[in-house]
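Reader: Hi! Could you walk me through this one with me?
Author: Happy to, let's look at it together.

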Amino acid sequence: MAPFGTIYSYPGNFRVQRAQVAGEFNGLEVVLDPGFEMRKTNATPEFLAKFPLGKVPAFEGADGFCLSEGAAIAYYVASAGPRADQLLGTTDVKTAALVMQWSAFADAEIVPAALGVAMMTRYKFRPFDQSTFDTHVANMVRALKRIEVALSGSSKYLVGSTVTLADIMVFGPLAFASAFLIDDAMRAEVPHVAKYLDELAALPEFVKVFGTVEKVQTRITT
């Protein structure tokens with residue numbers, strides 16, 4: 001069977017991985033273009049004709065449908081298969097709104113903190129600045145504590161009793177940040193979140209895409 005679609009991006013992009021996990025739940029194969037070269041492929045006239053801003057990730061369906069923005073791609077893949085109602089919570093408008101809330105939370109609160117630190121420490125694309133670093137760390141701690149509150153009762157997942165797109169969207173950047181920012185000390189402050197991430201990471205749909213999630217013992221600070 002032909003893939004449901006192809007995503008153009010660099011390897012290891014959690015925005016791509018979130019869409020691929022949604023695909024695993026729906027039985028849809030979403031492949032990463034093996035020939036993609038950052039700042040080369042996405043600068044060609046052919047690419048820009050489909051995706052005018054040249055941003056990645058960019059999705060092209062087997063039917064020719066083109067879509068950009070990571071959250072939109074993940075939503076589309078989640079909505080396109082037999083488990084769409086589960087993933088999107090669309091059997092109830094309030095449940096669907098909560099899934100959207102957590103998806104937006106992931107990109108508004110977790111992603112900027114994770115990428116802000118990564119740019120200075122993991123990738124060294126920006127000079128290290130202690131004040132900026134501390135702000136991003138504080139923002140990540142705040143986000144983790146918000147999730148801790150949501151999981152502190154009997155809740156195993158963020159919305160309802162099964163995995164939804166909310167969990168997938170939150171897991172992606174937290175798994176990414178676990179390799180350099182979310183260390184043992186930070187995890188100890190949010191035990192419910194730590195357990196939640198471990199349990200999601202063990203699910204076959206997540207393992208297929210993320211493999212073994214790297215965990216740093218002490219956050220990288222330079």
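**Pockets and domains**

Author: Let's begin with the second largest pocket: H5 gives the largest share of its lining, 6 residues. Bear in mind that this is a predicted model.

Reader: Nice. Which elements each supply at least two residues of that lining?
Author: Those are helix H3 (70-79), H5 and H7.

Reader: And which residues line the second largest pocket?
Author: The lining consists of Ala71, Tyr75, Leu88, Thr90, Ala96, Val99, Met100, Ser103, Ala104, Asp107, Leu165 and Met169. By type, they divide into 9 nonpolar, 2 polar and 1 charged.

Reader: What volume does the second largest pocket have?
Author: About 230 Å³.

Reader: OK, switching over. What about the volume of the largest pocket?
Author: The largest pocket comes to about 600 Å³. It is lined by 21 residues, and the closest to its centre are Tyr10, Gly12, Asn13, Tyr123 and Phe176. Helix H1 (14-26), helix H5 (93-120) and helix H7 (165-177) are the elements that give two or more residues to this lining.

Reader: How do the lining residues of the largest pocket divide by type?
Author: Into 13 nonpolar, 4 polar and 4 charged.

Reader: And which domains does that lining draw on?
Author: The lining of the largest pocket takes at least three residues from each of domain 1 (5-85) and domain 2 (89-210).

Reader: Good, let's talk domains then. How far apart are the centres of domain 1 and domain 2?
Author: The centres are 21 Å apart, taken over C-alpha atoms. In the contact there are 16 residues from domain 1 and 19 residues from domain 2.

Reader: How much area is buried between domain 1 and domain 2?
Author: About 1,600 Å², with carbon and sulfur atoms giving 71% of that. On the domain 1 side, Phe14, Arg18 and Phe25 lose the most area to domain 2, and together they account for 39% of what that side buries.

Reader: Last one: how many salt bridges are counted between domain 1 and domain 2?
Author: The count is 2 salt bridges.

Conventions. Residues numbered from 1 in each chain as written. Predicted model: local features only at pLDDT ≥ 70, side-chain atom pairs only at ≥ 80, totals over all residues. Heavy atoms only, no water. 1 Å grid on protein atoms, 1.4 Å probe; cavity = no way out; pocket = protein on both sides within 12 Å on 5 of 7 lines; lining within 4 Å. Points joined across faces, edges and corners; volume = space filled by probe spheres on them. Helix = DSSP H or I, 4+ residues; strand = E, 2+ residues; numbered from the N terminus. Nonpolar A, V, L, I, M, F, W, Y, C, P; charged D, E, K, R; others polar. Domains from an automatic or database assignment. Contact = heavy atoms within 4.5 Å. Buried area = accessible area lost by both parts, 1.4 Å probe. Salt bridge = Lys/Arg side-chain N within 4 Å of Asp/Glu carboxyl O.
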